[in-house]
Amino acid sequence: MVATNENQYSNSKGIRILESGNYEIGTLLFKVKMLSLYDANGKEIELNYQQAKLLKLLLEDEDHFISKETAINTFWEDAKDTTDKADLNDRFNTCISRLRKALSKDKDIELLCKTKKGYQLIIKNTASNK
């Protein structure tokens with residue numbers, strides 16, 4: 001029963017993994033090995049390494065969710081001892097902001113802030129998706 005609900009939930013979000021291992025996110029395509037995002041016309045959407053890795057982490061999570069702490073530990077582990085917490089938060093917030101801008105090529109994709117928890121990738125209007 002749980003697996004069925006999770007599959008329906010995942011499909012209803014308009015996010016699916018393809019046989020190639022790549023992801024279809026609404027009308028966008030994320031090529032995992034290349035860490036590249038493409039719009040519906042096949043044009044590459046610019047992402048830096050951290051934005052692409054963050055998107056990959058979101059896609060690989062069953063609920064398409066990542067906590068802020070996990071992201072900061074993943075990307076700035078080496079900087080945690082030498083960089084103040086406010087700077088790490090600023091770096092993370094900049095990464096989220098730029099990823100949101102890249103994902104905005106599909107108006108139905110949203111990166112929701114779950115207050116004091118983290119961020120979740122969703123598709124708002126599943127009727128327009130496959």
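Trainee: Over the ring of which residue does the charged end of K31 sit, and how far from its centre?

Mentor: This is a predicted model, in which local features need pLDDT of at least 70, side-chain atom pairs count only at pLDDT 80 or more, and totals for chains, interfaces and linings use all residues. Residues are numbered from 1 along each chain as its sequence is written, and side-chain values use heavy atoms, with hydrogens and water left out. A charge sits over a ring if NZ of Lys or CZ of Arg is within 6 Å of the ring centre and within 35 degrees of the ring normal. For K31, the ring is that of Y38, and the distance to its centre is 4.9 Å.

Trainee: At what angle do α3 and α4 pack?

Mentor: Helices are DSSP runs (H or I, at least four residues), numbered from the N terminus. Axes are lines fitted to C-alpha atoms over the stretch in contact, and angles run from 0 to 180 degrees between N-to-C directions. The axes of α3 (residues 68-76) and α4 (residues 85-103) lie 10 Å apart, at an angle of about 100°. Because angles of 65 to 115 degrees count as such, α3 is roughly perpendicular to α4.

Trainee: Which residues of α3 meet α4?

Mentor: Contact means heavy atoms within 4.5 Å. On the α4 side, the residues are L88, N89, R91, F92, N93 and C95; on the α3 side, they are K68, A71, I72 and W76.

Trainee: Are F75 and W76 buried or exposed?

Mentor: Buried means under 20% relative accessible area, exposed over 50% (1.4 Å probe, protein chains only). Both F75 and W76 are buried.

Definitions and conventions. Helix = DSSP H or I, 4+ residues; strand = E, 2+ residues; numbered from the N terminus. Parallel < 35°, antiparallel > 145°, perpendicular 65-115°, else oblique.
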